[in-house]
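Hello,

Here is the structure you asked for. My notes on it follow below.

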Amino acid sequence: MELFWILLFSSACPLTLGQGVYARANAQIVHSGAACNVKDDNISERIYTIKEGDTLVLQCIVKGHPRPQIRWTKTAGSASDKFQETSIYNETLRIEGILRVQGGRYYCKADNGVGVADIKSIRVDVQYLDTPVLTVHQTISDVRGSYYQEKTVFLRCTVNSNPPARFIWKRGNMRIEQSKDNGVDIYEPLYTQGETKVLKLKNLRPKDFADYTCQVSVRNVCSIEDKSVTFRLTNATTPPMIRLSVNDSVVVDPGQDVFLTCEITAGFPPPKVTWSRYPGPLPLSAQVRGQTLILRAVTPTDAGFYNCTAVNNVGNPARKNVNLIVRTMGNLTFQITPDSNKDSETIQMGRDLKLSCHADATPQDKVNYTWYKNGAPVFNSDSLILLRSDPDMAPGTSSLEIVDMKFRDLATYSCVANFPGSRVPELRVDVNISQNSVTPPVLSVPPGGQVVSVREGGNAELACLVVDGKPRPPILWSRVEKDVLMSAGKAVVETPDGRLRLKNVSRDMMGLYRCQTAPYNGLNIKRREAQIQLNVQYPPIVDPVFQDVRSRNYQMVTLRCLILRSNPPRLTDIRWFRNGDFIRMPMPDLKETPELKFKLEPASNGSYECRVSNSAGMSTCTFNVSAQPYNAEFYFDTPNPVRIQKGNNYSYNLQWTQKDPEATDRIIGYWVNVRKNKQSLLSKQIDLKGKEPEKGVLLSHTISDLRIPLSYEVRLAPITTYSTGDYISRIIQYSEPYTYPRPSDHVCGFEDDRICGFSQDRSDVFDWTRQNHLTQNPKRSANTGPETDRSGTKEGYYMYIEASRPRVQGDKARLLSPLFNVTSVRGPKGSGRVPYCVSFYYHMKGKHIGTLNVLLRVRSIASVDSVVWMKSGHQGPDWKKAFFDISPSGPFQIVFEGIRGPSFEGDIAIDDVSITIGKCKQGNTVATAVLIGGSRSLPLASWLTAGLASVLLLLHR
């Protein structure tokens, strides 16, 4: 009864005030994609079952006012899963070609700032069935002769699937049953990956040499077909064996061609050979020709372990590895180590001295070092000792020890590193040893360089110089803070001149830096080190960066700009601006929080800026200050917003609330603007007649003279004495306001061009066509489609889909019924939902027939489609009747979806559609059908009875 009065009062008065309608967000997840099944398990969790590769569509239907915002999240799956092209903030979550790793629990969070956010979840179970893998194994014992002279053979079948697969073993075409064959044993082994069934052939018999098939099935779940694999077992079956044409390690120069051949020495069936590499994939330039891997003009990046694998599913795969090493050499360094036993840091006569030489090379152990003294080769002697690999140094380091140094040992020593017989260029380093050429380094930071200040975004140079010492070593830089890396992402950075140059400095680079002398290319003694402080200056960090401030005119407004951080902390200036113009005021205290107080007037509305400066720069707090009212908030849960007017017109009951109506000046009305294709059709002012909007109180206005079945854009903006708020926009759509049976309602036979209020879905690929025998194309496809309508008359019409070109397989056409509003009728006692019977005739003749789906589309904030009836393939030459019950949870439509089959002989037709209140009865009477159109009328007494009952029902309410 309430609904009746709302509509009546709305038509009498275009603007009404209702009760508060602010409500916390409420969410519900529904599906409309290619679901196999949606059910609730024993813990009341909704489970959405879908086939891998199909399209997942989840809709989060939300209610609440203001309109809730939506966010989708997921758990129980890969953290890197993405929702492809669908935004996670849309009501509809769509994943094309869903993968098994994308299964898991999906959450919809709806929040509108009223109370606690509502979170709903649904578990997506992705179903799949891989092709099984069948391998053959022998018993573990000594093998003599051919492979199958053993008494026992195991055939192992493994598959990955969801749900768990069922296994069937066949010998030839005959199913193997353990109870009927004492020579076999079928069991499931422990500790295996995937699902596995083993067929054990005991005491191998002649008949056991045959073709064996492992067939796996998930019992047609999600229409997943069974899969199988077959293996032929013979007395010649043997596991693979291979050998490589090269040694386990191959060392080559850059630029050489490499040929690696994997020769099969045994195996039946013939094994398949594959090449792989670790780490990483095969190089792009790699070529595989038969069993040979060819690498042309190799580079150091081609180095790695190359694996040859031979597989024939008998026994274990045969594998061989070869380590490809590409020679490289670079960065030859030296060290001068004084007598370590004497803690000496200088060269002294009569004491020992060690010269070391190291080249960064691959392979490190193949580097050959040659020492020279004044150009002459050095050989081992009592005073000169050569160490090819010095145990006290890094691996691959060669040393020359000078024992009890004499004046004759003062000379120029040279170290030459090379690969014998290789084209890799050799490296050489010369070290001059004299009493004056080798002295300890002295590290110094230039005056004023202990603290370096730089503005954020600028460049800085930290200097740590070797001012004395020979030879002068490079300088190594690192951060003093533990576990903090340098800006290049490395722990240590080397600079040859001791100057660390930093570009685009950020505040996270601020801190202490350590500089040290390197232990190489100079004296190998205690490191010299120093520290430098990098001070990064940046403008003040302020809050708020932007703030929208609303107030009534002629009231005091206070603006504050908080200083969160600043380097340097001392402020140099604070200035206030309005609309870009400087506000003259006493100089503010630089130690206090900047604040501006003023009385808001119509002329003082605008943008205010607080510009705060220090020596590093300036930051700004921006305030948009106005008496402009906040936006209106459209109400989307309006019951029965559409009413039919005379002619081909309809009216729409628009409802909304006002956000924070007391925050600004009194709202005296609203501007409403109706547009079509961005052209204004109506613009008028709604006068509140002295009544102020209240927070959460519903306002409404009836928009009249809208054309059926067009949709319109409606824009709404609040008005105060001094200003107008911003417009908000929404789309209103026409929908048939069916609420109860009427005497004019009966079966729809599509006899007039209005087709009973049915409409074509604009989101499909093509349309349904209205046709009868007289309008058929004489060149139409033979052997498909009906000759006449369901009644057999040539004049009778029906709806059909044409499968000829340009249609292709999978194209969809959807026909939408009018909208049925179930809010004005009640269900059976004890039930909250009204049952309906849907009845129609269908014609599906032809060898290329696709699918006819009937979907129930429940209308709410979003539309939800669910398949309630489906038929596929050729159904014979006659019209057939279908009927079923539905119990919609709200206003609904019936959708007929025709899907084109593989070719042109696939026309599908429907006729005589009825939707009846109450469950389907035997014979499917249509005494209370609720569709408009057609020419076949029902007995007058039946319609009068139904109409009278409906009127009485409304009055009773």
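Strands (E, at least two residues) are DSSP runs numbered from the N terminus. This is a predicted model, in which local features need pLDDT of at least 70, side-chain atom pairs count only at pLDDT 80 or more, and totals for chains, interfaces and linings use all residues. Residues are numbered from 1 along each chain as its sequence is written, and side-chain values use heavy atoms, with hydrogens and water left out.

Backbone first. The loop between β17 and β18 holds Ser223, which has a positive phi of about 60 degrees although it is not a glycine. Cys222 lies in the loop between β17 (211–217) and β18 (227–232) and also has a positive phi, about 55 degrees. Cys222 counts as buried because its relative accessibility is 13%, whereas Ser223, at 51%, counts as exposed (buried is under 20% relative accessible area, exposed over 50%, partly exposed in between, with a 1.4 Å probe and protein chains only).

The bond from Thr362 to Pro363 is cis, with omega near -5 degrees, and Pro363 sits in the loop between β28 (353–362) and β29 (368–373). The bond from Arg805 to Pro806 is cis too, with omega near 10 degrees; Pro806 is in the loop between β63 and β64. Most residues other than glycine have a negative phi, and most peptide bonds are trans.

Finally, Phe896. Apart from neighbours within four places in sequence, its contacts (heavy atoms within 4.5 Å) include Phe758, Trp768, Phe840 and Ile910.

Regards

Definitions and conventions
Helices (H or I, at least four residues) and strands (E, at least two) are DSSP runs, numbered from the N terminus.
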